[in-house]
Amino acid sequence: MTALEVDLDHRVGTFELSAQFSAGGGITALFGPSGAGKSLTLRLIAGLERPARGRIVLGGEVLTDADGDRLVASRHRRLGMVFQDALLLPHRTVLANVAMAVDGDRRRRRQAAQWWLERVGASELAERRPGGLSGGQQQRVALARALAGQPQMLLLDEPLAALDLPVRRRLRALIREIVDGQQVPALLVTHDREEVQTLADAVVLAQDGQVRGPQPPEVALESTDGEPHERET
């Protein structure tokens with residue numbers, strides 16, 4: 001099943017992006033060095049920017065059609081997003097942060113938020129504030145919030161990059177479990193080869209503004225063997 005189809009061109013200053021790829025079930029890694037266009041591609045999929053040309057289709061629905069002047073607002077795209085910064089509201093409890101993603105009355109939102117916090121192993125954090133949480137705890141909460149909106153797809157923009165290695169490995173296992181258990185596909189932006197090896201079912205390569213794929217992880221890693229592992233800016 002093809003969950004996502006992207007065919008677009010875009011320009012920011014002197015940087016030119018050309019992205020033609022698809023992503024199906026499971027986890028697709030959007031992999032490449034710093035400055036290759038990975039995060040920009042994710043912003044375009046999320047509807048945070050309008051491409052100069054092309055289309056983005058999710059689950060058969062056209063989200064962006066630059067030529068046909070269609071741009072579904074970001075808030076109306078059924079996408080769950082997790083960034084390197086968890087972006088939790090500091091004045092709200094963890095439970096309230098997650099509940100914001102749920103439709104319905106207050107009781108339903110709180111029940112759903114609690115369920116998702118339990119699902120990601122963070123139920124004991126429900127009444128705490130984000131400022132008192134570790135980086136790994138914050139990302140668990142951010143993942144619960146992304147899933148609570150019942151997305152058609154997760155967009156993960158290097159959510160583990162700032163975490164210590166043992167925490168990263170635990171959260172990789174959690175992401176794998178969530179994607180498989182909830183049957184929600186994910187597009188994971190990463191520059192980390194180990195992340196690709198342990199998580200990716202398919203890989204879309206980004207290099208100098210050219211974003212193409214998918215291909216098997218072992219093929220993608222072999223073709224990029226020896227390239228520097230830089231962090232996306």
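Residues are numbered from 1 along each chain as its sequence is written, and side-chain values use heavy atoms, with hydrogens and water left out. Because the model is predicted, local features need pLDDT of at least 70 and side-chain atom pairs count only at pLDDT 80 or more, whereas totals for chains, interfaces and linings use all residues.

## Packing of α4 on α5

Helices (H or I, at least four residues) and strands (E, at least two) are DSSP runs, numbered from the N terminus. Two packed helices are described by the angle between their axes and the distance between the axes. Helix α4, residues 135–148, packs with helix α5, residues 165–182, at an angle of about 15 degrees, and their axes are 11 Å apart. That angle makes α4 roughly parallel to α5. The axes are lines fitted to C-alpha atoms, for helices over the stretch in contact, and angles run from 0 to 180 degrees between N-to-C directions; angles under 35 degrees count as roughly parallel, over 145 as roughly antiparallel, 65 to 115 as roughly perpendicular and the rest as oblique.

On the α4 side, Gly136, Gln139, Arg140, Leu143 and Leu147 meet Val167, Arg170, Leu171, Leu174, Ile175 and Ile178 of α5, where contact means heavy atoms within 4.5 Å. Sorted by class, this contact of α4 with α5 has 7 nonpolar, 2 polar and 2 charged residues. In that scheme Ala, Val, Leu, Ile, Met, Phe, Trp, Tyr, Cys and Pro count as nonpolar, Asp, Glu, Lys and Arg as charged, and the others, Gly among them, as polar.

## Salt bridges

Side chains of opposite charge can pair when their charged atoms come close. A salt bridge here is a side-chain nitrogen of Lys or Arg within 4 Å of a carboxyl oxygen of Asp or Glu, and by this rule the count comes to 15 salt bridges.

| Arg43 | Glu49 | 3.0 Å |

For their surroundings, buried means under 20% relative accessible area, exposed over 50%, and partly exposed in between (1.4 Å probe, protein chains only).

Arg55 counts as partly exposed at 38% relative accessibility, whereas Asp65 counts as buried at 16%.

## Buried elements

Helix α1 (residues 38–46) has 8 of its 9 residues buried, so it is largely enclosed by the rest of the structure. The buried residues of α1 are Lys38, Ser39, Leu40, Thr41, Leu42, Leu44, Ile45 and Ala46. Just after α1, Gly47 takes a positive phi of about 85 degrees.

Thr28, found in strand β3 (residues 27–31), is buried, with a relative accessible area of 2%. Leaving aside neighbours within four places in sequence, Thr28 is in contact with Ala23, Ala186, Leu187, Leu188, Ala202 and Val204.

## Backbone features

Gln150 has a phi near 55 degrees, a positive value in a residue other than glycine; Gln150 sits in the loop between α4 and β8 (153–157) and is exposed, with a relative accessible area of 51%. Gln183 likewise has a positive phi, near 55 degrees; Gln183 is found in the loop between α5 and β9 (186–190) and counts as exposed at 66% relative accessibility.

The peptide bond from Gly213 to Pro214 is cis, with omega near 10 degrees, and Pro214 has its place in strand β11 (residues 210–215).
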